[in-house]
Amino acid sequence: MTVQLGVVMDPPEKLKYKKDTTIAMLWEAAARNWDIFYIDMQNIFLQNGSVHAHVQRLDCHGQARSLPPKVLVGGDPAMTDEKNWYSIVEKKTVALRDLDVILIRKDPPFDLEYLHLVHFLEFVEREGVLIINRPSALRDANEKIFASEFPQCTPDTLITRNIAELKSFFKSHQDVVCKPLDAMGGESIFRLRFPDENASVIFETLTAHETRYIMVQRYIPEIKLGDKRILMIHGKPVSHALARIPAEGELRGNLAAGGHGVAQPLSARDQWIAEQVGPTLVAKGIYFAGLDVIGDYLTEINITSPTCVREIDAQTGSNICQALFDVIESKL
């Protein structure tokens with residue numbers, strides 16, 4: 001019987017065709033002849049204890065895993081370009097308990113609406129549907145705070161909304177990076193070097209005058225060599241990381257902030273960090289994660305919608321989603 005896959009994600013027409021990891025996942029599901037249902041958050045509803053959704057079944061046209069990169073399935077470029085890589089086969093309403101597996105690929109921020117989504121999907125999980133990543137993990141493991149469970153791997157880090165504590169940490173370390181707890185893509189990241197006359201206003205702005213927690217970490221100079229993304233599949237690292245190297249004059253290596261990615265074999269330190277984190281990922285039901293590593297230090301653990309698959313695959317000839325879906329199939 002064909003696997004019924006639901007994917008909670010942004011609208012397919014808004015995905016970045018040349019780089020989006022979600023598209024690679026959809027192509028892998030299509031290569032396995034799974035039925036693919038696109039689920040928009042706004043179309044999910046809970047009624048009388050059962051979660052339903054208005055869904056769209058997709059036919060995804062793209063690269064087959066058995067073919068070399070850039071070889072198109074079917075030989076018709078018109079069916080595999082940026083605007084025509086998928087088509088909508090049908091629209092219907094389904095009970096999510098009737099699906100076999102649901103991938104959560106909704107980008108942050110992890111706001112109140114995202115939390116409601118997680119609550120709904122916990123109902124579905126209790127009815128036997130495999131959900132990746134597990135809703136309780138998404139609810140409990142904030143991507144910034146989660147890294148602090150592994151202090152042996154992280155740089156000196158403070159999470160607080162108390163401005164006096166922030167000023168003390170800044171004075172002690174002299175060179176720090178500040179960031180909110182719920183952003184993505186390098187948004188609202190600041191580097192401060194002591195003394196900085198803007199420090200007070202930056203702390204006030206990021207904490208919304210001590211009403212929101214933020215993270216501040218010791219600055220790691222190796223950021224100039226790249227902010228490495230290590231992808232983890234069921235607790236094990238992929239062989240290559242993507243070093244996201246900042247653009248000239250830029251602090252952030254995020255690809256969304258103009259950085260460029262270079263695939264690199266994992267270092268011994270990268271492997272060690274993965275070994276420290278991997279068992280906890282498995283225990284929490286986190287099948288797919290992205291560890292962010294600068295130099296020798298773990299800075300974040302991304303579990304909501306990890307990216308960089310397409311870049312690593314293109315540069316190394318790997319097929320990361322094939323390995324991920326092998327694990328998913330083993331759990332069904």
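User: How many nonpolar, polar and charged residues does the lining of the largest cavity have, by class?

Analyst: Rolling a probe the size of a water molecule over the atoms shows where empty space is left. A cavity is a set of points, on a 1 Å grid over the protein atoms alone, where a 1.4 Å probe fits but cannot get out, and lining residues have an atom within 4 Å of a point. Here the lining has eight nonpolar, two polar and one charged residues. Nonpolar covers Ala, Val, Leu, Ile, Met, Phe, Trp, Tyr, Cys and Pro; charged covers Asp, Glu, Lys and Arg; the others, Gly among them, are polar. This is a predicted model, where local features need pLDDT of at least 70, side-chain atom pairs count only at pLDDT 80 or more, and totals for chains, interfaces and linings use all residues. Residues are numbered from 1 along each chain as its sequence is written, and side-chain values use heavy atoms, leaving out hydrogens and water.

User: What volume does the largest cavity have, and which strand gives the most to its lining?

Analyst: A volume is the space filled by probe spheres set on the grid points, which are joined across faces, edges and corners. The largest cavity has about 60 Å³, and the structure holds one cavity of 30 Å³ or more. Strand 5 (residues 101–105) gives the most to the lining, with three residues; strands are DSSP runs of E, at least two residues, numbered from the N terminus. Among the lining residues are Leu 103, Ile 104, Arg 105, Asn 133 and Thr 304.

Terms used. 1 Å grid on protein atoms, 1.4 Å probe; cavity = no way out; pocket = protein on both sides within 12 Å on 5 of 7 lines; lining within 4 Å. Helix = DSSP H or I, 4+ residues; strand = E, 2+ residues; numbered from the N terminus.
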